[in-house]
Amino acid sequence: MPSSRLSRLLPQQAPVSLRERVRAACGALLGLLVTGLVSRAALGSGAEFPVMVAPMGASAVLLFAVPASPLAQPWSILGGNLIAALVGVTVAAHVPDPLAAAAIAGGGAIGLMLALRCLHPPSGAVALTAVLGGPAIHDLGYGFVFWPLGVNTLLLLASAVLFNTLTGRTYPHGASIAPAAPQPPGRAGLAASDIDAALKDFDQVLDIDRGDLEAILQRAQLRALLRRSGPATCASLLTRDVVAIAPDTPLREALQLLRRHHIKMLPVTDESARVLGVLTQTDLMDKAEWHRKGPRLGLARRLRLTVGRGRAPHGCAADVMTTSVESLKPEMALAEVAVRMAQGPHHHLPVVGPEGRLLGVVSQTDLIATLVAEAATRGTSPLAEAAPNRARGAEGGLLDLAAGAG
């Protein structure tokens, strides 16, 4: 019973691996150490001014443990600390009672940070530090904004950018500030505009970016599809009669094959049928220049390939093909294939066997039709009724399917 009551007091958090916990702790350690050492070296060991202010410890929690948070982005820490310091120093100079000054500085800093979209929780402590930091801080006046606060902030931010980048975390985290696109009539599933409307109704500050929230919801929908799907595997769906090309196939010949067979993707294989990449219509459109006789490499791409490879390109498939393609295994469940395909830009994926040899191709259209048929067999009629519209739309079809299944 006591343990049950205690568990209610613990916050609900997403599961985090041991590796991520160690990464965050090491990042904070290194960031604070670099900030302190560089500040002390610049100021000198015998300086009367503080080398580092305490709110940097709270900032390190955000910058290294939750670098995707909107509260941890560069403008949040830079703008938040700057505003809080200015407010704190100003209030301390005009309000004699320290407790009243601390309250006014904290509330004023929060209000301004919200208005300027740079909310950073540790900045509330910065405002109080400017008021309650004692004679050493008060003597600095507005110089506190530059030293030690400004220098500490820049050093910790630079450490966070470097450490997060080296350890595989995107920082600064791209904020989703683009307006939500309208959802086409009749399409199932959540639209970005739906999420924006729900957030507006919620009317609270959330520690997550809109784009991340949308991605999590879509991933959950796809996982629901995976959980409810039938036993069918990739082997039951793949097309074995596949037109493949060699890496030295000329671009013009590749284009002719795409047109002749009415397909959008050609697997590129070596002599042993191992998949080296894929050549798509998009590759030809984006990476080649078009002339009267067909696609060919432009001068800029020729120069890049020459510098990168140390030899001149030949205008063949290897010069424009996509190599970062995730291959599928024949035993993979179709719902898992839907997850992989929805997360990437390709609507056709190669299926490989032992040693990476090509077995066939799975197309998005066939995948959607099969999953819809499975859903109809299980009696999920709304999904089956929506199937024709979804199957016709290659973009977003899998996400709509997942939304209907979820």
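# Close-up views of a predicted model

**Figure 1. Helices α2 and α3 make a right-handed crossing.** Everything shown here comes from a predicted model. Two packed helices are described by the angle between their axes and the distance between the axes. Here, the axes of α2 (residues 18–43) and α3 (residues 55–65) come within 9 Å and cross at roughly 140°. Angles over 145 degrees would count as roughly antiparallel, and this pair is therefore called oblique. On the α2 side, the contact is made by E20, R23, A24, G27, A28, G31 and L32. Helix α3 brings M56, G57, A60, F64 and A65 to the contact. Sorted by class, the contact of α2 with α3 has 7 nonpolar, 3 polar and 2 charged residues.

**Figure 2. Helices α4 and α5 meet in another right-handed crossing.** Their axes come within 9 Å and cross at roughly 145°; α4 covers residues 74–94, and α5 covers 98–115. Who does the touching? From α4 it's G80, I83, A84, V87, G88 and V91, while α5 supplies A101, I104, A105, G108, A109, L112 and M113. Split by class, the residues of this contact are 10 nonpolar, 3 polar and no charged.

**Figure 3. Helix α6 is largely tucked away.** Of the 11 residues of α6 (122–132), 8 are buried, so the helix is largely enclosed by the rest of the structure. Which residues of α6 are buried? They are P122, S123, G124, V126, A127, T129, A130 and V131. These buried residues pack against α3, α4, α5, α7 (135–138) and α8. Look just past α6 and you'll find G134, which takes a positive phi of about 90°.

**Figure 4. R117 has a positive phi in a loop.** Most residues other than glycine have a negative phi, and most peptide bonds are trans. R117 isn't a glycine, yet its phi is near 55°. You can find R117 in the loop between α5 and α6. Buried or exposed? R117 is exposed, with a relative accessible area of 66%.

Figure 5. P148 belongs to helix α8 (residues 143–166). Where does P172 lie? It's in the loop between α8 and α9 (192–202).

**Figure 6. Strands β1 and β2 form a hairpin.** The two strands, β1 (265–269) and β2 (275–280), run antiparallel and are joined by 5 bridges. Strand β1 is mostly covered, with 5 of its 5 residues buried. M265, P267 and T269 point one way from β1, L266 and V268 point the other way, and all are buried. Between the strands sit 5 residues, and A273 in the turn has a positive phi of about 70°, although A273 is not a glycine.

**Figure 7. Strands β5 and β6 run antiparallel.** The partners are β5 (residues 348–352) and β6 (residues 358–363), and 5 bridges join them. Check V352: it stands opposite L358 in β6. This hairpin has 5 residues between the strands, and E355 takes a positive phi near 60°. As for β6, 5 of its 6 residues are buried, so the strand is largely enclosed by the rest of the structure.

**Figure 8. Zooming back out puts the close-ups in context.** The protein's secondary structure comes to 17 helices and 6 strands. What share of the 406 residues is buried? Buried residues make up 40%. Now take the contacts with a separation of 6 or more: residues 24 or more positions apart account for 64% of them.

How values were computed:
Residues numbered from 1 in each chain as written. Predicted model: local features only at pLDDT ≥ 70, side-chain atom pairs only at ≥ 80, totals over all residues. Heavy atoms only, no water. Buried < 20%, exposed > 50% of the residue type's maximum accessible area, 1.4 Å probe, protein only. Helix = DSSP H or I, 4+ residues; strand = E, 2+ residues; numbered from the N terminus. Pairing = 2+ DSSP bridges. Axes fitted to C-alpha atoms, helices over the stretch in contact; angles between N-to-C directions. Parallel < 35°, antiparallel > 145°, perpendicular 65-115°, else oblique. Left-handed = near helix turned anticlockwise from the far one by under 90°. Contact = heavy atoms within 4.5 Å. Nonpolar A, V, L, I, M, F, W, Y, C, P; charged D, E, K, R; others polar.
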